[in-house]
Amino acid sequence: MKGLLTQVRSYEGSVQLLMVNQFTINLGFYMLMPYLAAHLSGTLGLAGWIVGLVLGVRNFSQQGMFLVGGTLADRLGYKPMIVAGCVLRTLAFATLGLVDSLPALLAASAATGLAGALFNPAVRAYLAADAGERRVEAFALFNVFYQAGILLGPLAGMVLTGVDFRITCLVSAGIFALLSVVQIRALPARRSQDAKRQDAHAGQGVLAQWRGILANRPFLLFSIAMIGSYVLSFQVYLALPLEVRRLGGDGESGTAAVAMLFAVSGLTTILGQTRVTAWCKARYEPGQALVRGLAAMGLAFVPLLLATAVPVPESGVGLWLLAAVPPTLAALLLAIGTMIAYPFEMDTIVRLSGDRLVATHYGLYNTICGIGITVGNLGTGAALDAARAAGLPALPWITLCALGLACAAALYGLHRTGRLAPPASEPLAATV
């Protein structure tokens with residue numbers, strides 16, 4: 001931990017603040033969101049389809065507005081979008097705890113998603129700008145703070161929700177309110193380009209900028225190839241818990257096994273991210289690290305595939321071990337693959353953007369991957385259902401392994417053909 005803090009202090013104050021901000025953002029978000037569905041269906045007594053609608057509106061709002069949020073960050077500056085997102089989430093989370101009418105809940109849910117779309121591209125673009133040549137290492141540290149918030153948020157939320165879910169909402173809203181004030185006072189203003197180039201972009205229409213990004217073929221190919229990493233990593237929340245519940249049941253033992261998945265995933269990243277990044281950077285080019293990261297994520301499902309060949313005990317410790325150990329190993333390997341790929345992934349987006357309209361590129365990238373996650377989860381769910389119906393438990397794990405290896409092969413092709421290299425810089429005079 002001391003070494004981690006030393007690394008953080010080696011960056012300027014704005015980068016340090018962005019890392020602490022991301023930890024706090026995730027802490028506030030994840031102390032509330034895992035318990036929202038239970039509040040809506042239990043306390044408020046809403047029908048299942050309404051609960052799904054409220055949660056779906058948040059996801060749709062965030063994924064659909066990422067590109068707009070990134071564009072606004074490039075035009076208006078990173079700080080205003082970060083502050084606006086935190087203020088909006090303050091209001092949204094307070095509303096979720098204080099209202100019970102469907103229109104108000106839908107509005108609050110949509111505002112929660114829009115808030116994420118405003119500050120996520122801006123935070124990453126700001127971090128990339130101020131970290132400079134140390135972007136890869138900065139994004140490794142950023143991921144440590146990111147995962148720490150995900151790990152601690154549900155624990156804090158469990159304690160608060162045990163008292164009253166409204167208290168959880170108000171505490172979370174208070175965290176975002178405090179975060180807004182701190183950023184208004186302490187976060188320096190930052191725009192994406194030097195003055196001449198930024199003024200040139202501001203003179204362009206938004207649609208012209210978007211057409212220019214859509215014409216960036218290497219960036220689009222990279223975005224599509226990376227969809228698999230997000231589909232695979234999301235299985236910590238979908239396929240792995242379902243597999244644990246399928247074998248271990250819904251009792252305390254099943255709950256403990258699911259909790260172990262998240263603990264292993266988060267702690268592995270917190271303890272190992274910076275070491276893994278340093279090791280990879282010393283040995284691999286960015287494209288090579290990305291290929292290895294995606295391959296590791298694809299191979300993460302091999303323990304589950306092998307477990308399908310083991311007879312399922314009727315009960316006892318053997319059944320619990322079969323339910324818990326292969327999914328936990330998969331979560332561990334997914335975390336390792338993500339640790340390998342994530343810092344180089346974030347850096348590659350900046351390089352492929354040519355260091356221009358970086359937040360807009362992040363916004364479009366998030367939208368593409370968000371759509372991919374939705375489609376991928378539908379496919380994973382279909383594979384899980386088909387496996388149960390046909391008595392082929394290996395089917396979903398074969399499918400996920402194949403997805404990871406196919407995406408790794410696609411990245412290998414992009415790397416070998418030089419498409420992951422930054423585009424040739426355009427002379428500044430040509431943009432003025």
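Trainee: What sits over the ring of Tyr 11?

Mentor: The charged end of Arg 134 does, 3.8 Å from the ring centre. A charge sits over a ring if NZ of Lys or CZ of Arg is within 6 Å of the ring centre and within 35 degrees of the ring normal. Before going on, note that this is a predicted model, where local features need pLDDT of at least 70 and side-chain atom pairs count only at pLDDT 80 or more, while totals for chains, interfaces and linings use all residues. Residues are numbered from 1 along each chain as its sequence is written, and side-chain values use heavy atoms, leaving out hydrogens and water.

Trainee: Which ring has the charged end of Arg 292 over it?

Mentor: That of Tyr 284, with 4.2 Å to the ring centre.

Trainee: Why is the pair of Tyr 230 and Tyr 365 called edge-to-face?

Mentor: Rings of Phe, Tyr and Trp (its six-membered ring) pair if their centres lie within 6.5 Å; planes under 30 degrees apart count as stacked, over 60 as edge-to-face and the rest as tilted. Tyr 230 and Tyr 365 are 6.3 Å apart centre to centre, with 75 degrees between the planes, hence edge-to-face. Tyr 230 lies in helix α11 (residues 217–233) and Tyr 365 in helix α17 (residues 358–390), so the pair ties together parts 135 residues apart in sequence. Helices here are DSSP runs (H or I, at least four residues), numbered from the N terminus.

Trainee: What makes Tyr 365 buried?

Mentor: Its relative accessible area is 0%, and buried means under 20%, exposed over 50%, partly exposed in between (1.4 Å probe, protein chains only).

Trainee: Why is the pair of Tyr 237 and Phe 262 called tilted?

Mentor: The planes are 35 degrees apart, which is neither stacked nor edge-to-face, and the centres are 5.6 Å apart. Tyr 237 is partly exposed at 41%, and Phe 262 is partly exposed at 31%.

Trainee: How many aromatic pairs does the structure hold?

Mentor: It holds 13. Ring pairs also link Phe 29, Tyr 30, Phe 93 and Phe 176 into a cluster.

Trainee: What span is expected of helix α18?

Mentor: The expected span is 1.5 Å times one less than the number of residues. Helix α18 (residues 395–416) has 22 residues, and its 31 Å from first C-alpha to last is close to the expected 32 Å.

Trainee: Which residues of α18 are buried?

Mentor: Among them are Trp 397, Leu 400, Leu 411 and His 415.

Key
Helix = DSSP H or I, 4+ residues; strand = E, 2+ residues; numbered from the N terminus.
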